[in-house]
Each structure stands twice: as structure tokens, then as C-alpha cells.
Amino acid sequence: MTVRKILSVDDEEEIEFLMKQYFRRKIRSGEYEFFFASTGVEGLAVLNDHPDIDIILCDINMPEMDGLTMLSKVNEMQNPAQRVIMVSAYGDLENIRLAMNDGAFDFATKPIDMDDLARTIEKAIRQIDFVHESQKEHKKLEGLEKDLAAANQIQQFILPRVFPPFPEDSDKLDICASMEAAKDVGGDFYDFFRIDDDRIALVIADVCGKGIPAALYMAVSRTVIRTKGIQYDSPGVCMAESNHMLASYSFDYMFVTVFYAVYNTKTGLVTYCNAGHIPPHVLRVDGTTEELPLPENMVLGLKEGSDYKESTLQLEHGDTLVMFTDGVTEAIRGRSMFGSKRLDLVLGGQIGNSSQKIIEGIKTGINAFVGDTEQNDDITMLVLKRK
């Protein structure tokens with residue numbers, strides 16, 4: 001049970017007896033705890049010793065410091081859960097009006113109707129409880145914001161951020177990537193890692209949903225795919241094994257779309273498996289663009305035992321493979337989406353540019369298209385250019 005602390009500030013001696021007599025049952029049961037002061041100066045001293053007092057019953061006309069002055073001092077303490085009920089003579093409407101304008105919660109007139117005052121106190125308690133609950137929720141939100149900020153930093157740390165990632169092959173390839181979450185944390189991710197001296201694995205993926213659940217599933221998915229990619233050099237087998245593990249532990253029908261590729265740095269051959277992901281685009285050295293075929297394979301995490309087919313793509317010198325999530329083509333302005341055609345138009349103007357410049361060019365194109373529209377999905381890109 002919460003003890004309600006009430007301070008009565010009044011220079012009339014009988015007020016203390018009246019309060020103790022009328023509220024004796026609540027005082028005995030521990031519901032109310034009363035404090036008394038005869039002047040505003042004494043009242044402020046009590047408040048200083050007991051800052052958790054909930055309700056102040058304050059007479060307007062008092063010696064040393066009147067009630068209006070005390071009210072202004074209480075306001076300076078900036079306790080949003082505290083409520084001040086002013087007490088004055090019936091005819092003192094001008095001062096009552098000033099007190100209400102200065103932030104008093106309510107008022108009572110003398111001679112005090114104790115039944116009415118009890119209802120006013122109960123009304124104040126309901127508001128105080130509401131403020132306390134709001135403060136609790138605010139603290140929870142502040143804690144959540146801190147957790148999300150930490151999660152965002154962790155998520156960014158998980159993703160590779162050093163470019164170029166394979167300096168020993170910088171004369172053969174140019175890789176760059178970017179991920180911008182729509183919320184504090186996202187479900188998209190990219191990855192790349194070396195399989196052997198001549199082959200590099202590339203991953204771009206999109207977890208269903210957004211926020212913390214998607215971010216957690218993203219971290220698990222990335223770990224599983226990287227582990228299986230190191231174990232199995234076949235993209236199809238890697239996706240099948242990853243699906244088996246993710247589907248075994250899937251919850252709430254979560255899944256992830258994945259484009260997984262193995263790139264041969266000597267030959268330029270890309271062997272890939274598309275598990276339900278949006279098809280990448282290819283920017284050829286002559287400025288033409290093409291979109292890879294739609295995926296025939298299931299997403300990962302929904303159904304165990306699925307087979308995953310592989311395909312191949314030959315990159316010639318100067319060709320670029322542009323992998324991305326649907327946050328790129330589905331960027332929205334009004335009822336229109338950025339779309340594949342606009343993406344190809346942007347890519348057509350990126351001939352000869354580095355992977356980083358291509359990503360920056362796509363971002364510029366998206367921003368110009370959406371304008372002030374709020375980002376509605378994670379935007380992730382992974383670009384590989386054969387030098």
C-alpha cells in the first residue's frame with residue numbers, strides 16, 4: 001500500500017485537529033500521513049525535509065509568507081507529481097483565480113467542507129498516480145532507447161566496415177557495402193569472407209520484420225550462414241544447411257531472404273544461390289544493365305528439407321554486381337516506389353565509378369526521389385566490381 005503524504009500549511013490552529021479527526025481512519029490504516037506547518041516558511045522547510053510529499057493544502061492568507069508566494073516556490077521545485085490545493089475565504093475569488101492560473105491543482109473555501117476536500121484529495125491522488133505511471137513508462141522508454149542505441153552500435157560492429165576488405169586482391173576487385181536501418185536496429189545485413197585464395201563469399205540478406213526481433217534474427221542468421229559457408233564451398237549446399245539450422249530453431253514464423261554468392265577472383269565467375277531474395281542487378285562495362293532471374297528457391301527458416309539450386313554469372317573486367325535489399329527499390333514517395341527502372345537509370349550513370357561511388361549514387365537517387373518521406377525500410381547494398 002502506498003502511503004499518501006499530505007502537508008497542511010495553515011495558521012489556524014484548529015485546522016490540524018480537524019484534519020486529524022476527519023481522516024483518522026486513513027491515518028491509522030497508514031493510507032495518509034499528515035504534516036503540519038503554520039506559515040509558508042515552515043511549510044517549505046517541511047518540504048525540504050520530505051520532498052516526497054504528494055499533496056499540499058495551502059492557505060492563501062498567512063503571516064511571513066502567503067500562500068501565493070509559497071505556491072511559486074513549490075513550482076520552482078519542479079515536482080510534476082506534486083499537487084497543491086489552495087485554501088481561502090469564500091469571497092477571496094481574486095486570489096483563488098491567481099493561484100489557479102499559477103498552477104494550483106484545485107481549491108477549497110473556508111469554512112472547509114471536509115467531504116468535498118476528501119473528494120478533491122482523492123482526485124489529486126488519481127492524477128498523481130497517473131503521473132507516477134507516466135514517469136515509470138518514460139524511464140522504461142529511456143532505458144529502451146539506450147539499449148537500442150547500444151544494439152545499433154553492436155549491429156554496426158558485427159557488419160564488416162573496413163574497405164577495401166581484401167587489400168591483397170585490390171587489383172582484381174572492388175567491394176563496398178552500406179546498411180541504413182529504418183529504425184534504431186534493422187533486419188538487413190551483408191557479409192563477405194574469404195573461402196580460399198581464389199574465392200570470396202558474398203552475402204546480402206533481409207529478415208522479415210523490423211526492430212529488435214529482426215535484429216536478433218539477423219545476428220543469428222549471419223553467424224549460421226558464415227559458419228556453413230566456411231564448411232561448404234557450394235552456395236546451394238550452404239543455403240540448404242543454413243536453412244536446416246534456422247528452420248529448426250525458427251520462432252513466430254520468422255524467415256530471411258538471402259542472396260549468397262561465391263566469386264572467383266581469377267576468372268570472374270560468380271556461382272550463386274538466391275533464397276527468395278530480390279534479384280541483384282549487373283552493370284556491364286558498356287553501360288548496359290541487366291537484372292538476374294527471379295529466385296526459384298525458398299527463403300531460409302520457414303521449411304526444413306528444401307533443396308536449393310545454384311546458378312552462375314560471368315563478370316567481365318569492368319562489370320559490377322549490385323546486390324541490395326527491397327528497401328532500395330521499394331523506397332516510397334506517395335503511392336510510387338523507386339523501382340528497378342529508376343535503379344537502372346541511376347546505374348547507367350555510374351560507368352567507371354568505384355563501388356563506393358555507385359552506392360553513393362544510388363543513395364542520392366533514392367533521396368531525390370523520396371524527398372521528405374520518412375524511410376520505411378532498411379536500405380542495404382553490397383557492390384562488387386571486377387577490375
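Seven bridges join strand S7 to strand S8 (residues 199–207), and the two run antiparallel. Strands here are DSSP runs of E with at least two residues, helices are runs of H or I with at least four, and both are numbered from the N terminus. Two strands count as paired if DSSP finds at least two bridges between them. Within this pair, Phe-189 sits opposite Ala-205 of S8. This is a predicted model, so to speak of local features takes a pLDDT of at least 70, and side-chain atom pairs count only at pLDDT 80 or more, while totals for chains, interfaces and linings use all residues. Residues are numbered from 1 along each chain as its sequence is written, and side-chain values use heavy atoms, with hydrogens and water left out.

S7 and S8 belong to an open sheet of five strands, ordered S7-S8-S9-S10-S13 and paired antiparallel. Strand S7 (188–194) and strand S13 (311–314) are the edges; each has a single partner strand, so one side of each has no neighbour in the sheet. From one strand to the next, the twist averages 20°. Helix H7 (residues 211–231) packs on this sheet, where it touches S7, S8 and strand S9 (256–264); contact here means heavy atoms within 4.5 Å. The direction of H7 makes about 20° with that of S7. Axes are lines fitted to C-alpha atoms, for helices over the stretch in contact, and angles run from 0 to 180 degrees between N-to-C directions.

H7 also packs against helix H8 (residues 235–248), at an angle of about 140° and with the axes 9 Å apart. That makes H7 oblique to H8; angles under 35 degrees count as roughly parallel, over 145 as roughly antiparallel, 65 to 115 as roughly perpendicular, and the rest as oblique. On the H7 side the contact includes Tyr-217, Val-220 and Val-224, and on the H8 side it includes Cys-238, Met-239 and Met-245. Sorted by class, the contact of H7 with H8 has eight nonpolar, three polar and two charged residues. Ala, Val, Leu, Ile, Met, Phe, Trp, Tyr, Cys and Pro count as nonpolar, Asp, Glu, Lys and Arg as charged, and the others, Gly among them, as polar.

Now for the other sheet. Five strands form an open sheet in the order S2-S1-S3-S4-S5, with parallel pairing. Strand S2 (32–37) and S5 are at its edges with a single partner strand each, so one side of each is left without a neighbour. S1 and S2 pair in the parallel sense over six bridges, and Leu-7 has Phe-35 in S2 as its bridge partner. Helix H5 (residues 93–101) packs on the sheet, touching strand S4 (83–89) and S5, and its direction makes about 160° with that of S5.

As for salt bridges, the structure holds 25, each a side-chain nitrogen of Lys or Arg within 4 Å of a carboxyl oxygen of Asp or Glu. One of them joins Lys-110 and Asp-10, at 3.0 Å from N to O. Lys-110 lies in strand S5 (residues 106–110) and Asp-10 in the loop between strand S1 (4–9) and helix H1 (14–22), so the pair ties together parts that are 100 residues apart in sequence.
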